[in-house]
Amino acid sequence: MSVQQALNENKLFILDYHDIYLPFLNRINALDDRKAYGTRTLFFLTTVGTLKPIAIELSLPPTDPNCPLKQVLTPSVDATTSWLWQLGKAHVCSNDAGVHQLIHHWLRTHACIEPFIIAAHRQLSGMHPIFKLLKPHMRYTLKINALARESLINAGGNIESFFTPGKYCMEISCAAYRDWWRFDLEGLPADLIRRGVAVPDTTKVHGLRLLIEDYPYANDGLLIWSSIESLVQTYVNYYYSDAEMIESDTELQAWYNESRSVGHADLCHASWWPTLSTPNDLTSILTTIIWTVSGQHAAVNFGQYPYGGFIPARPPLMRQLVPKEHDPVYVDFIEDPQAYFLSSLPSLLQATKFMAVIEIISAHSPDEEYLGERKDLSTWSGDTEIIEAFYRFSVEIRRIEKEIEKRNADTSRRNRCGAGISPYKLLIPSSGPGVTSKGIPNSITV
């Protein structure tokens, strides 16, 4: 198959961390025991629906504008290239671990939702219907964010200690917020389209068509997203029958204004902010918020130890670059490639500390409240329609859970089943306490 044919048939995908890391690489690589590239990895979508890596590009900032420092690795053909390929994949995983933690976890869920929670407590009364809807989805989040600022994302804290960017971690997070984050694209369908793994298609159930049919996060996530959207739409339409009611609700407008203009002041003038003029606008905004604090956070948080706790498979930082033939260390690499590989990974102390921290943050607390559970239904004692809507939502969440378990038992789904493949449980709504790889809490509690 030619490259052009593969592109035309949507067979090529790219994991691109080049632009995120490149502006920081000179400073990162000047740190003790930190070495990184800006990576791009090319994947081919196979006939069985799995992604096969076919090339890795490792880039460093050019010292000569006419001579970029790029190295391309491809799958191995002998023992030497096998070890080089292994080192290249480790650098990609290190890039991925940093972006996952700094952007997709901290920035997109914890940090960017915080302004909406603060504004809700400042601008909405406790009896306001939107505050009542959001209340369980705001539980513990401000507290856990405060704790994160004390010991995780603080200067010299765990995040700087464990991830390749070191003391530049928060700068990378801030740059992503400035250049990439958009509230209007944080909803699951819009995010899948933005990332190039789906295309709009009004004939499909969710208004889009996945380009990777067996994509567990997307397939399971769209079920959760749709159930949240349906509940929110019913709720909003019950209290707001037309646009005039939305526009005349001073508390509601003040909440959204503060969330955008004060909480996201750096971006408040961006043209992409959704308007809040109609019931449909409010439904979209609330669905995005609830999805982000529940399904999205669950997907990026509670699998961190199960998927990333074995350091050689997914190192959070690297300490050596991939050797080239003219490098002095190349001889050491040839003589003992395993020793070179292990010396490139985090030290034993770094690895042990990292594993301990991500095990803690991957665990559910005994008092967790999960999606579909509400303990405050008595506050709607006079609104039978709302109580019934919450009941239907709970029943739908239980149905989705059974559907996901059924999918995980389907051996034709190669990204869920097979030797060495873990079933995708991150969006199974219920869970017990501890590290379970599943469970969607109502709010960001860890």
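Predicted model: local features only at pLDDT ≥ 70, side-chain atom pairs only at ≥ 80, totals over all residues.

Biologist: Why are H10 and H18 called roughly antiparallel to each other?

Modeller: The axes of helix H10 (residues 216–239) and helix H18 (residues 384–408) cross at roughly 175°. Angles over 145 degrees count as roughly antiparallel, and H10 and H18 are therefore described in that way. Their axes come within 10 Å.

Biologist: Which residues of H10 and H18 meet?

Modeller: On the H10 side they include Leu223, Ile224, Ser227 and Leu231, and on the H18 side they include Phe390, Phe393, Glu396 and Ile397. By class, this contact of H10 with H18 has 14 nonpolar, three polar and six charged residues.

Biologist: How do you know that the buried residues of H6 line one face of the helix?

Modeller: In helix H6 (residues 141–151), the buried residues are Thr141, Ile144, Asn145 and Ala148. Viewed down the axis of H6, they fall within an arc of 100°, so they line one face. Lys143 and Glu150, on the other side of H6, are exposed.

Biologist: What covers the buried residues of H6?

Modeller: The cover includes helix H4 (79–123). Among the residues of H4 that meet H6 are Trp106, His110 and Ile117. The contact of H4 with H6 has seven nonpolar, three polar and two charged residues by class.

Biologist: Why does Tyr140 count as partly exposed?

Modeller: Tyr140 has a relative accessibility of 38%. Buried means under 20% and exposed means over 50%, with partly exposed in between, so Tyr140 counts as partly exposed. Tyr140 lies in the loop between helix H5 (129–134) and H6.

Biologist: Is Ser437 buried or exposed?

Modeller: The relative accessibility of Ser437 is 15%. Because buried means under 20%, Ser437 counts as buried. Ser437 is located in the segment after H18.

Biologist: What makes the phi of Tyr140 worth a remark?

Modeller: Most residues other than glycine have a negative phi. Tyr140 is not a glycine, yet its phi is positive, at about 70°. Ser437, which is not a glycine either, has a positive phi of about 70°.

Technical notes:
Residues numbered from 1 in each chain as written. Heavy atoms only, no water. Axes fitted to C-alpha atoms, helices over the stretch in contact; angles between N-to-C directions. Helix = DSSP H or I, 4+ residues; strand = E, 2+ residues; numbered from the N terminus. Parallel < 35°, antiparallel > 145°, perpendicular 65-115°, else oblique. Contact = heavy atoms within 4.5 Å. Nonpolar A, V, L, I, M, F, W, Y, C, P; charged D, E, K, R; others polar. Buried < 20%, exposed > 50% of the residue type's maximum accessible area, 1.4 Å probe, protein only. Arc of directions from axis to C-beta.
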